[in-house]
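Trainee: I have a model open and want to learn how to read its features. Could you take me through some of them?
Mentor: Gladly; here it is.

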Amino acid sequence: LSARVHGSGARPFRVLAVGPGVAVRLVLGETLAAVMLERGRELSFTAASDAVEALWLFSRASYDVVFFTLDLAPMSGLDLGRLLRARPEPRRAALVALSTTETPETAKRVRDAGGDALLLVPFDRQAIESVLAALPASGPEAAR
Amino acid sequence: VNVDETRPGRPPVESEASSPLPEVRWRVAAVLADVPGAAADAVLLQLLEDTDYRVREEAVAVLVRRFSAGIAHACGAALEGGGQDLGRPAHAEVLARAGAPGRPALLDALSSESAGVRLASARSLPGLFVDAPTVAALEAAMCLESDDNVRAALLLALGRTARREALAPLLLELSSAKAWLRIHAIVALGEIGDPDVAPRLLPLLADPELRSAVLVALSRLDSPAPGEELARRAATAPPDALLIGALRRSASASAPETVARLASLWPGARETLLALLERPEVPLPERTDAAHLLARLDLTGAAAALTRLGPFEDEFDALKEMPAGRFREALSAAGESDEPEPSLALIESARTAAERDAVAGLISHVSPLVVCAALGSLAPGSTSVAALVALLAREDEPETRRAAAFALAREIESAPAESARACRNALLDWAIGLDRPGKAEAVAALARFTYTAAGAAVIAALASPRGDVRRSAAGAAGVRLDVPLGALQELLQDEDPTVRAAALRSLTRWAERGEPIPPVDRKDLMQHLADEPIVAAAAGAAVVAYAGRVRPRIAIEMLAQKGPVRRAAIEEIAALGDTAAADAVAFALPHEDPETARAVVRAMAHATAETAEETLAQALADARPEVREAAAETIAERGGRAGFGGPFADAVAAALAVEAVPSVVAAILRAVAVAGGPGSIRPLVRILTAEDSGEAADSAAEALARRYPDRVREIWATAPPRAARRLSKALAAGPPHTAPAEDLPESLFGLLADLVRRRTGLLLRPGLRIRVARSLAAEAAEAGSFVRLYAFLRELPTESELFGRLLDVAAGRTSSFFEDPNGLVALAEEIAPERLLSLGSRETFDVWCAGCGSGEEAYALAILLFEKGLLPGQRVHIHATDLSPDAIRRGRRRRYGPRSLRAVSEERRGRFFECEGNALFRVRDEVAGCVSFAARCVFDEPRGSALFDAVLCRNLLPRLEEAVRARAVQTLASFLKPGGYLLLGRHDGLAAAATPLGLVRLANDIAYRR
């Protein structure tokens, strides 16, 4: 599943979504597209069904944000986070974990695995905008 | 890891489960697969919570294989207490993969107080073979559920049931106040696939929040209803991938007049779709949808564009979507490509006389694969005799000569008199004339004609100095009455074993024909039982054929012979139709060699009813799937002739109820269609309604429609929408489809597919049946039938020319330069320098390209190594292998056309290729020098040969049977030097997870390291 929104010609905002089912992926893609359209950015949205496929894709393109679910199989979302952070990147991607619970313990484990933020599912546009705003400088604005 | 817990001084395997090394813990899980008992279960359950994903995956796989009530209970209990991120999904995965036995524990978990437990359970439900009570349980859980995530997961689970009962709660959810839940309900409605839902979904397209979900759902409905609305939308704004996907499905489900209207509603379709196809960066699924839509909408220049811009996800199958009136145009476009695949796709789809007539244009194609398939499909009189004779004279292509000779023979039988006479004269000239290429094939093709001149040609050829001519003549003798026995017997002493084998087979065919049986001394035949395998097998059949009244005893004695003899001897019983001999060998069903057991089963087609029913019932319960499959096929064959009934029919139904192997289910379904009793209705309905059973569900629908038409209406009323559509289709299809005479029967194609799968792991999709039939038509005609060809192929080594013909057809794939450059760049820039440094000055940097197609990937790597300054030199060797001998021949020829070279820059083209005219380029010697080729399967790579610093295998695993992918990864890894790298494709992660290899991230790719 790949979605594109035509914007003003700035470099596309590149998102990799790892693991969520079709429905969550659609909501995430649509919401991000709406946010980027408002910002005049094109969105490039790519999906991976598991962590190894995500790593394979990550080797071939740079992404601004990687959204991943924690309960991926066979390799978990936390393993993915650690592997993504195992190498220095020319432009550091932000890692956002999708979780159905938001406990301090979950947040800590995500941080320990290299994650930058946790997005509680279900989410709405406001939640996504808050997460994007809180990402480190290598996130969307720095990518311009 | 020590599994022998009884040996003193060794720690028990359980103690290794807490080793700090994940490789050791993985090995523990793998080893425990063979250790029975609760203690092993406990260790495996503990490993489900391991921190290393490879260990968890192996533990899940092993627990599913040994699933029991105890494991179900433990997993159910662990769902409540398991680690949130690791253990809980793994426990739920075990229960889900176990199917129906695991479902009660998952359903119980839906009433847990913990939302996390309910979520894990809902995500794993409903599993296979869903019944109405499961839908009711999910609906009840929905009523009580307040957590939005769990509700969403339950909606998707209802969708996965694919049952009509789930429609009501899903449609109800469309009025939810929360878009989150409406979206999940829409996606779930798409999963159910009821086309009647389309009118309910179409209005929701206007809601921007729901649009994408609606398009995803519409693309699953296969309904013509949304077509016009989608075409209008495509015309008003640039369509995205989802809209094109939904429109493609709707157009495919629409009648031709509706499709024409869709095209008129979207005037810019051609430009939009072509623009998508032209952009290689567009994801392949999106380009595939665009390709099919371009063909289906019958847009100008579609055929040329598809041929030029393919392959797509399904290679060139989009060409088959073109309207019948465009067949010649498509054929012409395909014929211009030097690649075989576009032409083969069209040859496969040629059905009408006019289409087969048009195929004649491909006999001048550059690929012998295409020429042979075209010759196997020709309509009589569609090509000139001179053209066929020219093909008969081709020096370096025996397969083309054979196909041309048999095409000439078919012309003699079917073409108008004048043309037939010309063909006959041409074949006779070639068969009687000088010893030259084409003579052997002409002799073989003349065998079936009764002319005196044909007989004289065969007799004369028996004494030819050329082995291939004597072999053809010896084989031809079997279908003639005018060849002297003595002349054939002389060939039993021929220096060429293939000639001796052919002579023995012909003697056998004489005996099969009945009285008077030639006076052949059985002892003369028996001396060949110790000959080379191919001769010994032919001798085994001959000994049984000439055994006369003592055949039952001789057949039993043959069971003590070596494999090839034993199998051929038992199979000969079926060929002779000898009831007494069939009854005599029935006791050998439990033979340890599955092929022998299978031959015994096949002999039951001719046994007495009592013996056959008893033996076949036992065979249906055999532990070996190939034996069960043969039993089902034999039942179908016997049932069709003599009929079955009573308790035996119920045994067939019972076998269907417990069978889990898809190919066996398909075979039993064919048997049930002719032999199953009323007890088979329930398992048939279960298969029909299983969402993931695909072709099996089609067969179940066909069996129900044929055997129980009076019950179909009642089943239809309660069946899920997809199942109801299958039933309607089966009823509308009427009597069973009778394949054209040249086509390979499904059961026999199944045997050939099974042979290829067992030798190589490669899966032959059912759609290849007609391609195989047409491509191997001449070989089957020479062997006498496809049954005989199968028996012959089975005893041949995989590397033989004839087996290679089968692999060429089965393994066809289109490859090109720099398809996925990252792996190559990682090899050239990261792996090669590191390995060369560590290897020292004397060692070679060895790379294996497994599944290399026609060599583009291997040469592309050599180009990159050249650019990095690592070539030219003596220290790099690239070993490229592929199953298909034709692909390897093309690799060695190293001549490529524009499609293969489209990602090669002008600069590289000039530097590394020589232009050979006609837009063809040849790889220069200095690049090609380090590449060597071999036609073989990865499992046949000789042990003790070189080890490799890197193995590149990007396109092979997805085409292998799922069960052997992990074994293939292990095989590839076993050829790595210590510290060597294995590079796989995008979707190969799961196969690699079943091995203990460590995953490493390189700058340009990921790799597994030994």
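Trainee: What percentage of the 144 residues of chain A count as buried?

Mentor: Ground rules first. This is a predicted model, where local features need pLDDT of at least 70 and side-chain atom pairs count only at pLDDT 80 or more, while totals for chains, interfaces and linings use all residues. Residues are numbered from 1 along each chain as its sequence is written, chains are lettered from A and ligands numbered from 1 in the order in which they are written, and side-chain values use heavy atoms, leaving out hydrogens and water. Buried means under 20% relative accessible area, exposed over 50%, partly exposed in between (1.4 Å probe, protein chains only). In chain A, 57% of the residues are buried.

Trainee: Which elements make up chain A?

Mentor: Helices (H or I, at least four residues) and strands (E, at least two) are DSSP runs, numbered from the N terminus. Chain A has 5 helices and 6 strands. From the N terminus, their order is β-β-α-β-α-β-α-β-α-β-α.

Trainee: Now a single residue. Is His91(B) buried or exposed?

Mentor: His91(B) is buried, at a relative accessible area of 3%. Its place is in helix H6 (residues 87–97) of chain B. Contact means heavy atoms within 4.5 Å. Leaving aside residues up to four places away in sequence, His91(B) touches residues including Leu45(B), Leu48(B) and Cys75(B).

Trainee: How do I read a helix pair?

Mentor: Two packed helices are described by the angle between their axes and the distance between the axes. Axes are lines fitted to C-alpha atoms, for helices over the stretch in contact, with angles from 0 to 180 degrees between N-to-C directions. Take H36 (residues 563–576) and H50 (residues 786–795), both of chain B: their axes come within 11 Å and cross at roughly 170°. H36(B) and H50(B) are therefore roughly antiparallel. The cut-offs are under 35 degrees for roughly parallel, over 145 for roughly antiparallel, 65 to 115 for roughly perpendicular, and oblique for the rest.

Trainee: Which residues of H36(B) and H50(B) make the contact?

Mentor: H36(B) supplies Pro564(B), Arg567(B), Ala568(B) and Glu571(B), and H50(B) supplies Ala791(B), Arg794(B) and Glu795(B).

Trainee: And sheets? What is the strand order in the open sheet of chain B?

Mentor: Strands of a sheet pair through backbone hydrogen bonds, either parallel or antiparallel. Pairing needs at least two bridges found by DSSP. Here 3 strands run in the order S3-S5-S4 (chain B), with antiparallel pairing. S3 (895–896) and S4 (913–915) each have a single partner strand, so one side of each lacks a neighbour in the sheet. S4(B) pairs with S5 (residues 921–923) over 3 bridges. Phe913(B) has Val923(B) in S5(B) as its bridge partner.
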